[in-house]
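Okay, thanks for making time, everyone. Have a look at the model while I talk you through a few parts of it.

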Amino acid sequence: MNYEITLLTTMSISVLFALSLNFITGFCGQISLGHAAFMGVGAYTAAIMMKSSVSLLIAIPVAAVFAGTLGLLVGFASLRVRHDFLAITTMGIVFLFVGIVRQQDFLGGEIGISGIQRSALGRIGFLLLCASLAALFAGFSLLVKRSWLGFVFESISDNEDVARVLGIDVAKYKLFAFVVGTAAAGVAGALYAQHFRFVGPDSFGFVESVSVLAMVVVGGIGSVWGVMLAAAVLSVLPLLIQFVDDYKILVYSALLFFMMRFSPDGLAGIFNRSINRLRKQKT
Amino acid sequence: MLYLELLFQGIVQGSIYALIALGLTLVYGLLRILHVAHAALFTLGAYIGVILTNATGSLSLAIVVAMTVVGLVGIAVYKLAYEPLLDKPPYIALIASIALFIAAEEIFRIVFGPYGLSYKNPPLQGGMEIFNGFYLKYVEALVICLSVLMLSLLAWLSGHTRLGISWRATVTDPAMARAFGVNTQNVRYLNFFIGSALAAAAGVLVALLNNLVEPTMGSVPSYKALAIIVLGGLGSIRGTLIASMALGVIESFGTIYIGHLLDRDALAFGFLILVLMFRPQGLLGAKQ
């Protein structure tokens, strides 16, 4: 039973993390190759607090504030650049984050912070907390997508210049997307710290940033249900294909490559196409 | 003396960066694709170089074969991976490229083993003292000479031959170039061939400098080369050369003076972000 609980907890944290990136990249169209850095900020903040016996429930909002504040700063910086330049800038953020953390003794340097104590919630309680936070953010995402805010995001994502001509304050909405997305990533980070009871610089590097982007893209950029499904499957896939241990990463990356090559709009795209085909057959 | 030595180290590193980043710029200039998997070709070149040198004992043969084979592999990568994605949004090709790169690293690890290979009889060991205290390694001299040679060859090719002119025409305006009878498909092949061959040469040279090739040797250069071409203003060859040299020198000084704050690899990106905040179009990029 413990194994299943761990699996489900990992899944919920990944779903929350992937949805947080979906908010920035999927809704607002701002590609980020450095999203793991914000999870890292949240994880380190929560880890340090929990080491000094602060409760998890207090650590989570503080982690969100720290990650969101950094997100606001990065958001300001990223207003200067677009498209490919933005992709590389955000990639730079994650390398900077890892580079700085490695050199700081109070963050545990190369070794990281271990021995974080368990919260009073117990295993099941913690799973429920993770799942409900993920569900909460999923609900919020669905709500935003259907509201006027969703339309604003879509117009920015479609064509920023046209949106500006229509009188939309593009900078304001981009910053909003960045703050919400990075704060949610910070929450996912705090949960991560509690779940694994360890944080280290290598847990929040470029590879993790790409993996989470892979979840969003495989799910179908902008599609809440698709991203949730992809995050749930891809987060436990490495555990489920343990039997091909040596080829684990190869299988994972090949899957990502073929997805891009043959269905760039992800699972949501495959789903929509097959629905359309069914409808055509009926008429 | 220390300054001179650091400067020299920076230039050696900068030449390697230039060889790698140039291929990336060529691809970006032509197709607007961020070709992360380029660094996998760099690693492949290094492996071919070491294996052939160990088998035949001839370094020059190894360099030529590595460049040719990797150049052809580069064309295959374009044909199989990028060509079908050209009309998709750019991040699709970018993610496909990252996936390809990670897969390639895994294949290197599985095929050649995780611990890497080295030269049995490392060629060009030793060096000489040029003037008091300034020691020049033969390998470093080779790196600089070969880079200068290849880059001048490329400059001559693009400036003074029919091939180069059709290449530049395609970069500027593909439709117009086609209207004038340029075979743009061949230009793309050529582009990938040259870019990949240069990366292979860089791979062999890095393997000489460190006397080691390992599956992950491409990771750091791959992301750093992206930083370099962005710094240089995406697609600008002159900008890329300047950015490579600047980064090589900044890293070599930076590791000594601010190494306790930031590690070497973060330095490149710190510099990148700083520059982009003041010049979002890169050092030499044109304003859009």
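So, confidence: chain B has a mean pLDDT of 83, with 96% of its residues at 70 or more; pLDDT is the predictor's confidence in each residue, from 0 to 100. This is a predicted model, so to speak of a local feature we need pLDDT of at least 70, side-chain atom pairs count only at pLDDT 80 or more, and totals for chains, interfaces and linings use all residues. Residues are numbered from 1 along each chain as its sequence is written, while chains are lettered from A and ligands numbered from 1 in the order in which they are written.

Within chain B, confidence is highest in helix 3, residues 59-82, at a mean of 91, and lowest in strand 1, residues 127-131, at 71. Where pLDDT is low, the predicted coordinates should not be read in detail. For the complex, the predictor gives a pTM of 0.83 and an ipTM of 0.78.

Now the build of chain B. We have 11 helices and two strands there; these are DSSP runs numbered from the N terminus, with helices being H or I of at least four residues and strands E of at least two. Along the sequence the order goes α-α-α-α-β-β-α-α-α-α-α-α-α. Chain B is as compact as a globular protein of its length, because its radius of gyration is 19 Å and the globule rule gives 19 Å for 288 residues. That radius is taken over C-alpha atoms, and the rule is 2.2 Å times the number of residues to the power 0.38. The C-alpha trace of chain B spans about 60 × 50 × 40 Å along its principal axes.

How much of chain B is buried? It's 49% of the 288 residues, where buried takes 20 or more other C-beta atoms within 10 Å of a residue's own, exposed 12 or fewer, and partly exposed is in between, with C-beta atoms placed from the backbone.

On to where the chains meet. Contact here has 36 residues of chain B against 34 of chain A, and two residues are in contact if their C-beta atoms, placed from the backbone, lie within 7 Å. On the chain B side, helix 4 (90-112), helix 9 (219-231) and helix 11 (264-278) each supply at least two residues. Helix 4 of chain B has the largest share, with 14 residues. By class, that side of chain B has 30 nonpolar, two polar and four charged residues. Nonpolar covers Ala, Val, Leu, Ile, Met, Phe, Trp, Tyr, Cys and Pro, charged is Asp, Glu, Lys and Arg, and the others, Gly among them, are polar.

Let's zoom in on one residue of helix 4 of chain B, A99(B). Which residues of chain A does A99(B) touch? They are S253(A), L256(A), F257(A) and M260(A), leaving out residues up to four places away in sequence. A99(B) has 26 other C-beta atoms within 10 Å, so it is buried. Its C-alpha atom is 8.2 Å from that of A37(B), 62 residues away along the chain.

Last stop, backbone angles. Most residues other than glycine have a negative phi. N211(B), though, has a positive phi, near 50°. N211(B) sits in the loop between helix 8 (184-210) and helix 9 of chain B, and it counts as partly exposed because it has 14 C-beta neighbours inside 10 Å. Over in chain A, S53(A) also has a positive phi, near 55°. S53(A) is in the loop between helix 2 (36-51) and helix 3 (56-78) of chain A, and with 7 other C-beta atoms within 10 Å it is exposed.
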